[in-house]
Amino acid sequence: MKNKLASIVLVLMVALTFCNCEKNSDLLGNWRQLSSLNARGRGGATCFVIDNKAYIVGGAGYYKTVEYYKETWQFNPETRSWTEYASIDTSSAIKGRMNGAGFAINKKGYFGTGYGKDATYFDDFYEFDPYGKTTIYKSVVQNGDTITKSDTLPGAWTATDKFPGGKITGTISFAIDSIGYVGTGYTKELGASNTFYSYNSKNDDGKKWERVENINATKRQNACVFIIDDIAYIFGGVNNSIGVEDFERFNPAEPKGDYRWFKVSQDLYDDYRRGSELLRQRAVAFSINGRGYISCGTSSAGGTKNDTWEYIPFVGSDNRGEWIKVASFEGSNRYNACSFVVNNEAYILCGQNGASESSYYDDVWTFDPTQDYDEKKYK
């Protein structure tokens, strides 16, 4: 009898040890899987949205060796289908890259900077017209003869003013009120950065970029940003391999000066500190219904995450906001994913969890923060 009781106790102890006391069934929010990207899995791609269609550009994957992409794909949320669009450029001078900056303003997309083959950093920038067309010429062998054939892809890329902050990767980028912003990141020469620049497509060539006040906080790379009511909230990242704990917001509507930046938190989100749970880099971020969300990424030590957090602005201590844990991302843990929002619905796609071929993902997930957790998934 004693041996039987001891066995039961041991089983219970093991069960408790492996129990996750914060299962998705206990947290608000529901994840569902959609149709995968119609291309190789990739990490470090960039997303932007034009006219309720999402576009994913660049990224890196693996097939026998690491590959850096310059292709463009459109995702239609209504049909949940993918369409190939023109690459950044068909010339060999335009290199594929990951961790580039991107945003959409005035029905055009913009993409540039980033990191590519042979440890190359970029400062070039390009404008994307989703309603243009690009003719592709290919040499093919037919009946023993080499001939040139042409094909047409939707979309057109053209070069625009180079990024004035130098050759850089791991920046954050966003758009507010038809102005694009690119800042922070990492350069070979200076390491992590706290500089910021704005981009106005209506300015003359050579004058589209303008220096913005530096982020009034620690330099960083691989940080994240979400937008709530035309205010950018910037958090996370690393500097000298140390996780950045402060949480900043940037309001471009304020007059120029350092007070456009406001330190929401200095000490890992102050009142809502939970050890190092929120601290991360290479995460994704988005906003829905006036609330911000972060998910996935890695800790500064390199552990890959799938937990998801909701930020409610202007509540709590000194109106600095409050973080609430919601349902964890249900795909594989990952970093270098990308995200977008269309019609108030959030999407997370692609990303990686290592450097082997199987570590690069092509899946697409949608998140509804108002729904209860549902184990059912659909493709």
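Hi everyone, let's start with the largest pocket: 41 residues line it, and the ones nearest its centre are Cys47, Ser173, Val225, Ala285 and Ser339. Please keep in mind that this is a predicted model.

Which elements give two or more residues to that lining? They are strand S2 (46-50), strand S8 (101-105), strand S14 (172-176), strand S18, strand S24 (284-288) and strand S28 (338-342). With five residues, S14 gives the most. As for the space inside the largest pocket, we have about 1,100 Å³. If you like to think in residue classes, the lining has 24 nonpolar and 14 polar residues, plus three charged ones.

Let me step back to the whole chain for a moment. The chain has 30 strands and one helix. Of its 379 residues, 51% are buried. Take the contacts between residues at least 6 apart in sequence: 52% of them join residues at least 24 apart.

Where does Arg220 lie? You'll find Arg220 in the loop between strand S17 (209-212) and strand S18 (224-228). Is Arg220 buried or exposed? Arg220 counts as buried, because its relative accessibility is 0%. So what does the side chain of Arg220 reach? One partner is the side chain of Asp246, with a polar contact at 2.4 Å. Another is the backbone oxygen of Gly236, which the Arg220 side chain reaches at 3.5 Å. Leaving aside residues up to four places away in sequence, Arg220 touches a whole list of others, including Thr184, Ser193, Ile215, Phe235, Val244 and Glu248.

How many disulfides does a search of the whole structure find? The search finds zero. Cys224, for instance, is in no disulfide, and the nearest cysteine sulfur, in Cys296, is 9.9 Å away. Cys224 is also buried, at 7% relative accessibility.

Then there is Cys350. Like Cys224, which counts as buried, Cys350 is buried, here with a relative accessible area of 1%.

Terms used:
Residues are numbered from 1 along each chain as its sequence is written. This is a predicted model: local features need pLDDT of at least 70, side-chain atom pairs count only at pLDDT 80 or more; totals for chains, interfaces and linings use all residues. Side-chain values use heavy atoms; hydrogens and water are left out. A disulfide is a pair of cysteine sulfur atoms within 2.5 Å. Buried means under 20% relative accessible area, exposed over 50%, partly exposed in between (1.4 Å probe, protein chains only). Helices (H or I, at least four residues) and strands (E, at least two) are DSSP runs, numbered from the N terminus. A polar contact is a pair of N or O atoms within 3.5 Å; within protein, one must be able to donate a hydrogen and the other to accept it, and residues adjacent in sequence count only if both atoms are side-chain atoms. Contact means heavy atoms within 4.5 Å. On a 1 Å grid over the protein atoms alone, a cavity is a set of points where a 1.4 Å probe fits but cannot get out, and a pocket is an open set with protein on both sides within 12 Å along at least five of seven lines; lining residues have an atom within 4 Å of a point. Grid points are joined across faces, edges and corners, and a volume is the space filled by probe spheres set on the points. Ala, Val, Leu, Ile, Met, Phe, Trp, Tyr, Cys and Pro count as nonpolar, Asp, Glu, Lys and Arg as charged, and the others, Gly among them, as polar.
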